[in-house]
Amino acid sequence: MLQPDLERHVAVIWLSALGPARIVAALFILLSFLALCVGTIRREARRRRAQRQAAHSLLPADGNAAPLLVVHASQTGTAEQLAWQTAQTLQLAGVPAQVATLAQLTRAALERAERALFIVSTYGEGDPPDAAAPFVRSAMLQADTSPRLGALHFGLLALGDSSYAQFCGFGRTLDHWLRRQGARPLFERIDADKVAETAIECWRQQLAHLAGTRDAPDWAGPAFTRWTLTARRHLNPGSAGEPVCHLELKPAGTAPLPQWQAGDLLQLQIPGDPQPREYSIASIPADGSVHLLVRQARRADGSPGLASGWLLTTAGIGEPLDARIREHRGFRLGDNTRRALILIGNGTGLAGLRALLKAREAQPQAVDTDRRCWLIFGERSAQHDALYRDELLRWQRSGLLTHCDQVYSRDQPERRYVQHRLAECGDEIRAWLNAGAAIYVCGSLDGMAPQVDSVLEGLIGRPQLDALTVAGRYRRDVY
Ligand SMILES: Cc1cc2nc3c(=O)[nH]c(=O)nc-3n(C[C@H](O)[C@H](O)[C@H](O)COP(=O)(O)OP(=O)(O)OC[C@H]3O[C@@H](n4cnc5c(N)ncnc54)[C@H](O)[C@@H]3O)c2cc1C
Ligand SMILES: Cc1cc2nc3c(=O)[nH]c(=O)nc-3n(C[C@H](O)[C@H](O)[C@H](O)COP(=O)(O)O)c2cc1C
């Protein structure tokens, strides 16, 4: 009983020490703060409602109106974002549009469609993005090639990068396939080199023409803003490989930290080079800054890569650079928030996996969530390359990481990689997948990712792996 009296007593002394003017000022500040909170919550609710309405309005108004299909095949989200902008532009001009991923599209649905716009990117060496691979196998590589798409008129925007030998390779393959199937182009394929503005403008003009409007909304993505490098830590001194650093970046000055989700990327422009580079974000907003895990890239002549060289050695702490967050929906937790996670990666691939682990750690406990996380991570040697060693240890102790396999390729006479560990655990991986687990792969496209993919195919079969891709339970951020 004494405790509340004591508290009241202390409060009275404290208030009388403040004096009436200060009490009024304090109340004013408190009320202003509450008003700010309520305003922010209302604004956020309005934004979400508007987003929901916008998404809903992209569906046809009634079941009879045939919507124009806007189909995307994207690895890191650019084609997906352009698809939504395309659909919104059409919708605003009164043309009902429906957005779908190529993964969701069946050949039968395409045979019924009268108009479709495709926005597709290219990966590997002229390959389709992951999510498109099941469609390629189930529809495009089918033996039956008799023309079936005679009713279809299509437009195609191919995204690519002309520094690859197979520039817009998948876009070109899809274009040829559609034509062979009897589909007719609404206009010639548009190839966009590094999302060139001229190509996107050309696509927008075709859309305006299709929709009979000149009033297309602005598509400018979020602008690059000024950021500052606030910390850098060398994580692999003594390594036989190139240096890897943990970097921290914050918006410059008093600018607030933008929001992002685990899985997203940071696109950055170093001073003097307009070509942006992308890095997997290794942190969540609650960390207070964007963390990156960057390895020094080397060119064939031994000179350091431009962006990694600048970030790891040239830039001083406090140095400004331009950056922006890029949503990477394909690698977010998304519908997998309640599933067990199998996280596989090597080298700097730990960045994206670390963000996912942090997101899982921050996720409130819920009875319907399978919170198990299994990390299979590969590097060269335990002595020099155990990136984020203490953190992984802490997560093992706290129970966040229920399973943690670190595979060091050079710590034994024979080379050993994550795919070998995966193959050894076949029964357990199958059991996790049967219990609903999702797989995330982050890191090198050269070697690791294709090997992991083929071990997974061996464990569960290609049709089931394709089904996991289509269901969003097999996601990759590989480069
Ligand atoms: C989705 C995604 C996520 C990524 N995440 C990460 C990450 O988390 N961590 C990370 O370290 N990296 C990541 N990367 C890679 C990163 O974006 C950069 O590609 C990498 O840092 C190399 O950039 P750089 O400017 O240092 O090298 P660059 O100067 O661009 O050179 C890169 C390579 O291109 C070739 N090259 C380019 N120009 C020349 C030239 N003039 N002469 C000879 N060779 C040339 C060389 O092979 C060289 O090794 C990611 C990439 C993608 C697409
Ligand atoms: C690992 C990797 C491989 C790529 N391979 C090709 C290629 O073979 N041909 C090409 O034109 N573009 C290639 N690209 C470039 C992408 O197609 C391009 O960046 C595109 O805008 C990505 O769109 P998305 O975000 O929708 O996936 C590659 C990009 C990466 C990161």
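Author: Domain bounds here come from an automatic or database domain assignment. The model is predicted.

Reader: Which of the residues around ligand 1 come nearest?

Author: The shell has 22 residues, and Ala297, Gly305, Ala307, Ser308 and Tyr479 come nearest. Two or more residues each are given by strand 10 (277-280), strand 11 (290-295) and helix 8 (306-314). By kind, the shell around ligand 1 holds 10 nonpolar, six polar and six charged residues.

Reader: How many residues surround ligand 2, and which are the closest?

Author: Ligand 2 is surrounded by 24 residues, with Ser74, Thr78, Ser121, Gly160 and Tyr164 the closest. Helix 3 (78-92) and strand 4 (153-160) each supply at least two residues of this shell. Its residues divide into 10 nonpolar, 12 polar and two charged.

Reader: Which residues touch the most other members of the largest nonpolar core?

Author: A core can be read through its members and the elements that supply them. In the largest nonpolar core, of 67 residues, Leu292, Leu343 and Tyr440 touch the most other members. Helix 9 (residues 350-362) gives the most to this core, six residues. Domain 3 (225-327) and domain 4 (331-478) both contribute, so this core lies between them.

Reader: What is Tyr440 in contact with, leaving aside its neighbours within four places in sequence?

Author: With those set aside, the contacts of Tyr440 are Phe331, Leu341, Leu343, Leu353, Leu356 and Arg475. A second, separate core has 43 residues, including Leu68, Leu69, Ala83 and Leu110.

How values were computed
Residues numbered from 1 in each chain as written. Chains lettered and ligands numbered in written order. Predicted model: local features only at pLDDT ≥ 70, side-chain atom pairs only at ≥ 80, totals over all residues. Near = placed C-beta within 6 Å. Helix = DSSP H or I, 4+ residues; strand = E, 2+ residues; numbered from the N terminus. Nonpolar A, V, L, I, M, F, W, Y, C, P; charged D, E, K, R; others polar. Core = buried A, V, L, I, M, F, W, Y, C linked by C-beta atoms within 7 Å. Buried ≥ 20, exposed ≤ 12 C-beta atoms within 10 Å, placed from the backbone. Contact = placed C-beta atoms within 7 Å.
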